[in-house]
Amino acid sequence: MSRNPKKPRRLVAHGRTYLWTLRHSHSHHIPDSGRPAGCRQTLTLYPQLARTGGSLRIVFTAGPGRYVPGGAPMGSGEVGYVQGGSLNLHESGAVRALLDVALTRGWQPDEQRAAEVDGWSLLEAAAAARARDSGSADL
């Protein structure tokens with residue numbers, strides 16, 4: 001039985017529990033064709049339990065030299081640089097790596113309001129940490 005992709009997943013890190021979701025969206029449609037364009041992946045982490053803080057939204061928007069595919073032939077959760085690091089946002093290890101980088105760069109999970117971060121500013125450091133954790137030299 002496969003997991004329901006819309007159901008939040010659980011991550012425990014740094015003595016705190018988070019629920020996280022991944023959503024794919026489009027900023028606009030191509031005129032006359034109706035095809036979606038402006039792909040973006042939004043990874044949202046929700047701190048849980050007492051004194052719960054606001055959510056953290058990590059947003060990856062497609063652009064020059066970056067990819068945010070919406071499915072075949074690449075996985076829907078894959079984001080990365082055409083020549084550089086990449087992550088599969090469906091993997092809890094990738095989510096943990098992004099969370100760790102966001103924390104080291106100042107995100108406060110106890111802050112009561114939601115925060116939004118450009119995922120590209122976190123990607124290289126998170127991909128490097130993920131590669132170290134898996135013992136891979138490839139980014």
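Colleague: What is the relative accessible area of Arg130?
Modeller: It is 26%, so Arg130 counts as partly exposed. The cut-offs: buried is under 20% relative accessible area, exposed is over 50%, and partly exposed is in between, using a 1.4 Å probe and protein chains only.

Colleague: Before we go on, what are the ground rules here?
Modeller: This is a predicted model, where local features need pLDDT of at least 70 and side-chain atom pairs count only at pLDDT 80 or more, while totals for chains, interfaces and linings use all residues. Residues are numbered from 1 along each chain as its sequence is written, and side-chain values use heavy atoms, with hydrogens and water left out.

Colleague: Back to Arg130. Which element does Arg130 lie in?
Modeller: Arg130 sits in helix 2. Helices (H or I, at least four residues) and strands (E, at least two) are DSSP runs, numbered from the N terminus.

Colleague: And what does Arg130 touch?
Modeller: Leu87, Glu91, Gly93 and Ala94, not counting residues up to four places away in sequence. Contact means heavy atoms within 4.5 Å. Ser86 is 44 residues from Arg130 along the chain, and their C-alpha atoms are separated by 9.8 Å.

Colleague: Leu87 is on that list. What else is Leu87 in contact with?
Modeller: Neighbours within four places in sequence aside, Leu87 contacts Gly77, Glu78 and Val79, then Ala94 and Leu98, and also Leu123, Ala126, Ala127 and Arg130.

Colleague: Now the helices. At what angle do helix 1 and helix 2 pack?
Modeller: About 125 degrees, with the axes 8 Å apart. Helix 1 covers residues 92–104 and helix 2 covers residues 120–134. Axes are lines fitted to C-alpha atoms, for helices over the stretch in contact, and angles run from 0 to 180 degrees between N-to-C directions.

Colleague: Why quote both an angle and a distance?
Modeller: Because two packed helices are described by the angle between their axes and the distance between the axes.

Colleague: What do you call the arrangement of helix 1 and helix 2 to each other?
Modeller: Helix 1 and helix 2 are oblique to each other. Under 35 degrees is roughly parallel, over 145 roughly antiparallel, 65 to 115 roughly perpendicular, and the rest is oblique.

Colleague: Is the crossing of helix 1 and helix 2 left-handed or right-handed?
Modeller: Right-handed. A crossing is right-handed if the near helix is turned clockwise from the far one by less than a right angle, and left-handed if anticlockwise.

Colleague: Which residues of helix 1 and helix 2 meet?
Modeller: Helix 1 brings Gly93, Ala94, Ala97, Leu98, Val101 and Ala102. Helix 2 brings Leu122, Ala125, Ala126 and Arg130. By class, that contact has 8 nonpolar, 1 polar and 1 charged residues. Ala, Val, Leu, Ile, Met, Phe, Trp, Tyr, Cys and Pro count as nonpolar, Asp, Glu, Lys and Arg as charged, and the others, Gly among them, as polar.

Colleague: Next, the core. How many residues has the largest nonpolar core?
Modeller: It has 28 residues. Those with the most contacts inside it are Leu43, Leu45, Ile58, Phe60, Leu87 and Leu98. A nonpolar core is a set of buried Ala, Val, Leu, Ile, Met, Phe, Trp, Tyr and Cys residues joined through side-chain atoms within 4.5 Å.

Colleague: Which element gives the most to this core?
Modeller: Helix 1, with 7 residues. Strands 1 (9–13), 2 (16–29), 3 (36–47) and 4 (56–61), along with both helix 1 and helix 2, each supply at least two.

Colleague: Strand 2 now. Is Thr21 buried or exposed?
Modeller: Buried, at 9% relative accessibility. Thr21 is in strand 2. Thr21 touches Pro8, Thr42, Leu43, Thr44 and Tyr46, with residues up to four places away not counted.

Colleague: Last one. How many helices and strands has the chain?
Modeller: The chain has 2 helices and 8 strands, running β-β-β-β-β-β-β-α-β-α from the N terminus. Buried residues make up 36% of the 139 residues.
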